[in-house]
Amino acid sequence: MQRVDLFPTHEYQGLKLRSGRPYPFGATVIGNAVNFSIYSRYATDCTLVLFHNHEEEPFIEIPFFKEFKLGNVFSMMVFDLDYENIEYGFRMDGPFNPQEGHRFDKTKILMDPYAKLIVGRDVWGQQPNWDSKYQYRARVVFDDFDWENDLPLETPVNDLVIYEMHVRNFTCGAGAGVKHPGTFAGIAEKIPYLLELGVNCVELMPIHEFDEFENSRPSPVDGHMLYNLWGYSNVGFFAPKAAYASTGRFSMQVDELKNLIKQLHANGIEVILDVVFNHTAEGNENGPYISYRGIDNKTYYMLTHDGYYFNFSGCGNTLNCNNPNVRDMIVESLRYWVTDYHVDGFRFDLAAILGRDQNGYPMANPPLLESLAHDPILGKTKLIAEAWDAGGLYQVGSFPSWGRWAEWNGKFRDSIRRFIKSDEHVLADVKERIIGSPDLYASQNRGIKASVNFITAHDGFTMMDLVSYDGKHNEANGEGNRDGEDNNNSWNCGWEGECEDVGINFLRHKQIKNAISLLMVSQGIPMVLSGDEMGNTQFGNNNAYCQDNEIAWLDWNNLEKNADLFNYFKKIIRFRRQHKVLRYEYHLGHNDYRNLGYPDFSWHGVKAWQPWSGYNDLTLAFMLNGQYADTDGVPDDFIYVAMNMHWDMHGFELPQLPEGMAWHVFANTEMAAPDDICEPGEEPVVENQGEVLVGGRSIMILVGKKAVK
Amino acid sequence: MKAEIYKLGASLDSSNNAQEQEKILALFEKGTNVILDMTDCTYVSSAGLRVMLYSYKVAGSKGLKLYLVGVGDEVRDVMSMTGFEKFFEYFNTVEECQKAIGN
């Protein structure tokens, strides 16, 4: 059967047209036509501008006829376009009256907010034509990809070990040894490495189209070019960053990213996207016209009463997330990444902004967040909030969740960092963090699965720098070391920066092992910062957003130099993944509610069963009862962790195990490699079953299991 | 079973994808396997990749085969990165292909 409504009704300068379908917005191929549809509440007229690929001048500009407008939507079908060879944009006419919120300017050619393929920055760092009047160009996408039987993996969230990474930083550096550095294809080449490390989820820092040249400038320190490397500044919400694809020069970034995700899935690795819905790359009133401000400024942005841009993002403007139409765009975008790219989850940058109303006030039940929590397509998608914004709203523990949203647990980071550097005033807080932060997440049925635990993330020091620098060293960013976080809770172990002192370096490695141990034996979803497993340094720079060079790139030679760290990370990650008792979904009972002889979880000190026994509030131990975490009736082991953040060695009295079981030692950070950690399951028995000696600033992890005669 | 040889020009993209698609499918309509000779083809666009994969799927649905010959390094690399590579069987020359499939 052929459709009867796919015949042209109009002709304009030789092109055949027909009134379009208002929905879906964007450019959609229907039969031998492309349907263009765009919403603007306040525009009076709209023109479709078509270019042949890479050409400076359009070959045609087609006005939307009066009969092509329905409500506030302009839509038309254009027939017989060679759409692989077409770039399209819009001109919008309407009032220019900034005080009223309107900034229409029909001299500008504007990108489609729903563009699924954007060209113009196709090869990273290649200077664009700055005189071009249309910089970021929408194209019609081929959205057919052969996924075969792939789907999002739907790994239980409490089983995840997340690896936060950046497309360029991961494979641009020395020794990466890939054919396509800095690209999606480059990540695919490193899948065997990710498998060896043992993570089962990668969280990609922003991969939506952005402009690396935004605010690019030579560094006043040494003249090297500073770029927008991190990409927290969206040009479009539906298109992948072209220059992150080795095939971006052929505009095949969509297929290259899909192929990466398909391959990661085939290896059991989920993909979470870091998404930035709080602002766009258009900046404030002095910024460029890319799309939104010229299409419907008052719809897309939060504006002050006199028409200036609210700046809750710290980046010049704030997306008007709780305007119903912007909300729809965000929901559409997320659904698109899940249905078309099989993405497993999202981490929302500065998510507190998503809960502000159109005047900037925080809402109790923000409609956008509620929509996402209940969305049918996103029903199994991981939703993770960075639960604060640059406007001072801090919602860790109180982010509106409907039992669906998890959070980056910033308090885990702060408390564990302080504990590791022997802060004597943090023990009570550390205890909350280890058991999944019930003080934050026990309410609203959120549970342990709401807590994404981390010690390091892209913002702030790397793990190696956390133990090598007391203060930040951001001079290379060219802002007089004023940018970046001041409160790092770091300790340099006795010397500021890299050094040759064997004792200091041993202590640094030990502190890193202490940190990753606490991350992996705490309840909650652990997130590892890419590169920490090989001791990556940013030379004290804790805000490397603009350092597209050795500062931010992983130096893969560190794998060999810091082989003990990589070995430790691998094994502790495997240990977590093998022990269900470390991965509870809901908070623990702290009693023996199944009458098994031991509580599910118990605190201890240097004396068993007496958590208050210790030194300067720097010693603590806990025991998990594996009988409470059985798999098909087979109980897990007991796990006992002794933490001595005091500077002297202390004996820890061990709780007695059930008859026939014995304590075995899995890890002891005081020991030099290879005696610091063993293969999970091959732990040697502890000689003295009554007590272990734990070195100063050290952690021991023991496993209680059947004694082998 | 006999395989017909079909030779592509310098590129497979939106300028010729419809015509090439039609000609390749016509061969499958005749019930023959196809050896797609890409020795001279140095550029395959998104549309071109889809011609190849669509042809492969049509062949499969008819119990027929599509063999690729002389795929250049860059085209092969692009196919690998975009996920199109895995579907096909590759040969360096038409002769090598014919020998391998007993044609």
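**Reading the labels**

Guide: Gladly, and let us start with a pair of residues: Met623(A) has Tyr640(A) as its bridge partner in β26(A). This is a predicted model, where local features need pLDDT of at least 70 and side-chain atom pairs count only at pLDDT 80 or more, while totals for chains, interfaces and linings use all residues. Residues are numbered from 1 along each chain as its sequence is written, and chains are lettered from A and ligands numbered from 1 in the order in which they are written.

Visitor: What makes β25 and β26(A) a pair of strands?

Guide: Strands pair if DSSP finds at least two bridges between them. β25 (residues 619-624) of chain A is joined to β26(A) by 6 bridges, so the two count as paired, and they run antiparallel. Strands here are DSSP runs of E with at least two residues, helices are runs of H or I with at least four, and numbering goes from the N terminus.

Visitor: Which sense does the pairing of β26(A) with β30 have, parallel or antiparallel?

Guide: Antiparallel, over 7 bridges, with β30 spanning residues 698-706 of chain A. In that pairing, Phe638(A) is opposite Gly704(A).

Visitor: Why is β26 of chain A called largely enclosed?

Guide: A residue is buried if 20 or more other C-beta atoms, placed from the backbone, lie within 10 Å of its own, exposed if 12 or fewer, and partly exposed in between. For β26 (residues 638-644), 7 of the 7 residues are buried, so the rest of the structure largely encloses the strand. Both faces are covered: Phe638(A), Tyr640(A), Ala642(A) and Asn644(A) are buried on one side, and Ile639(A), Val641(A) and Met643(A) on the other.

Visitor: Why does Tyr244(A) count as buried?

Guide: Tyr244(A) has 28 C-beta neighbours inside 10 Å, so it counts as buried. Tyr244(A) sits in the loop between β17 (225-226) and α4 (253-266) of chain A.

Visitor: Which residues is Tyr244(A) in contact with, leaving aside neighbours within four places in sequence?

Guide: Contact requires C-beta atoms, placed from the backbone, within 7 Å. The partners of Tyr244(A) are Val167(A), Thr183(A), Phe184(A), Ile207(A) and Gln253(A). Val167(A) is 77 residues away in sequence, yet its C-alpha lies 6.8 Å from that of Tyr244(A).

Visitor: How many residues of chain A are in contact with chain B?

Guide: 18 residues of chain A, meeting 11 residues of chain B. On the chain A side, α4(A) gives the largest share, 5 residues.

Key: Two residues are in contact if their C-beta atoms, placed from the backbone, lie within 7 Å.
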